[in-house]
Amino acid sequence: MGALTRRGPGLRLRLTLLATSLVALVSAVLLWLGWVLVGNVVAAVPRLPAGTPVRVGGVDVPAELLGAALRDSAREQVLLIGGPAFVAVVVAAALLAWLVTGRMLRPLQDVTETAQRLSAESLDERIALSGPRDEVARLADTFDAMLDRLQAAFDAQRRFVANASHELRTPLSVVRTELDVTLSDPHADEAELRRMADVVREATARAERLVEALLLLARTEGVELAVREPVDLTDVVGRALRAVDPEARRRGLRVQRCTEPAFAVGDPALLERVAGNLLENAVRHNVEGGWVEVSTGADPRWTTLRVASSGPAIAPESVNALFEPFRRAGVQRTARNGTGLGLSIVQAATTAHHGNIHATALPEGGLAITIQLPAAP
């Protein structure tokens, strides 16, 4: 990046010029008022008989011109003395304004220097301005708070990239291993090739699901919704339940649905993905013969969707970590069912809808997740 283009004089110089101009204006007005008042006062001398000579400044002046002569002399003395004083006051005001503004703007210089030194590797540096809690201190505190948020975002991004690289490396490693093993076997028959093709297809399908989830998460996090319209969550839940019903039946899960009309405002496709992710997690991370409960509700302000399910015991202090990318409840990182992004997408979508999300670990094992979304009028 090239040097920043300067846009006129700096703030310190502008403040100095402004203060100096104000002092010069006030001094000039005072000097003019003194010049006027002194002339008028001195000119009001007693009248002398006409023709009487009066010596003023070594010069004989007729008595009838005495007032004008005294007035001009007094005004000349005011200018001779006031002129240098005016210049001295203006110069002193300029120097004082330059020093004072420099001292007042020093914290801003600290903010600027800190910002110039910052990079992705030095986001831990802070201004930590001490002294009076004035406007400049508030600016420095706001800047430090912004750096805290930036550092948290960069750290989360680094973890996300590292986790995404790890998750993508797994299916690619499986594909390469299968190809190397099969190609190195000179006696590989059709059955072995078909087995390799099935493994490769499964690995590529997993990688494809992961990439799609990553793209959805990237499109959802920190963006405003392009579509906002009333959405009935009961219909959304119904479609999501039909999608997971075969797997729920295969695992012997009891699905209980308790829904009432619940209209939220948002993106229908994204809300369907939210319900689908919650139910997919509830089914995939359940125990054999377990249960799943789905309920919706509404009040004048919020529309609620709650999905609870049985499953492995989860420590209450680790519940919030489940919303981080690539964290799965009760399964290993290398598990093949899911991408580990389901709850991250749910949280990002809820935030995009200006809603709230809350997860609770159930005492008997499992998880309950409640989502509140702005209710439709």
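Residues are numbered from 1 along each chain as its sequence is written, and side-chain values use heavy atoms, with hydrogens and water left out. In this predicted model, local features need pLDDT of at least 70 and side-chain atom pairs count only at pLDDT 80 or more, while totals for chains, interfaces and linings use all residues.

The UniProt record, an unreviewed entry, lists residues 15–38 and 78–100 as "transmembrane region". UniProt positions follow the numbering used here, feature names are shortened, and annotations may be inferred rather than shown by experiment. Residues 15–38 are 100% helix and 0% strand, with end C-alpha atoms 34 Å apart. Residues 78–100 are likewise 100% helix and 0% strand. Their end C-alpha atoms lie 31 Å apart. Helices (H or I, at least four residues) and strands (E, at least two) are DSSP runs, numbered from the N terminus.

Helix α1 covers residues 11–43 and contains T16. T16 counts as buried because its relative accessibility is 6%. Buried means under 20% relative accessible area, exposed means over 50%, and partly exposed lies in between (1.4 Å probe, protein chains only). Residues up to four places away in sequence aside, T16 touches A94, A97, W98 and T101. Contact here means heavy atoms within 4.5 Å.

Helix α5 spans residues 233–250. At 1.5 Å a residue, its 18 residues should span 26 Å, and the end C-alpha atoms are 26 Å apart, so the two values agree. The expected span is 1.5 Å times one less than the number of residues. A kink of about 50° lies at V244, shortly before the proline P246. The bend at a residue is the angle between axes fitted to the seven residues ending there and the seven starting there. Buried residues of α5 include L233, V236, V237, L241 and V244. G252 follows α5 and has a positive phi, near 70°.

Helix α6 (residues 268–284) holds E272. E272 counts as partly exposed because its relative accessibility is 32%. E272 and V236 are 36 residues apart in sequence, yet their C-alpha atoms are 5.4 Å apart. Beyond neighbours within four places in sequence, E272 is in contact with V236 and R239.

The largest nonpolar core has 36 residues. Such a core is a set of buried Ala, Val, Leu, Ile, Met, Phe, Trp, Tyr and Cys residues joined through side-chain atoms within 4.5 Å. L278, L279, V294 and L305 have the most contacts inside the largest core. Two or more residues come from each of α5, α6, β6 (291–298), β7 (302–309), α7, β8 and β9. Helix α6 gives the most, with eight residues. Leaving aside neighbours within four places in sequence, L278 is in contact with L305, V307, L343, V346, I369 and I371. Apart from this core lies another, of eight residues, among them I127, L129, A140 and F143.

The loop between α7 (342–352) and β8 (356–361) includes H354. Most residues other than glycine have a negative phi. H354 has a positive phi, near 60°. H354 counts as partly exposed because its relative accessibility is 46%. Strand β8 runs antiparallel to β9 (residues 367–374), and six bridges join the two. Two strands pair if DSSP finds at least two bridges between them. T360 stands opposite A368 in β9. The hairpin of β8 and β9 has five residues between the strands, and G365 there takes a positive phi near 105°.
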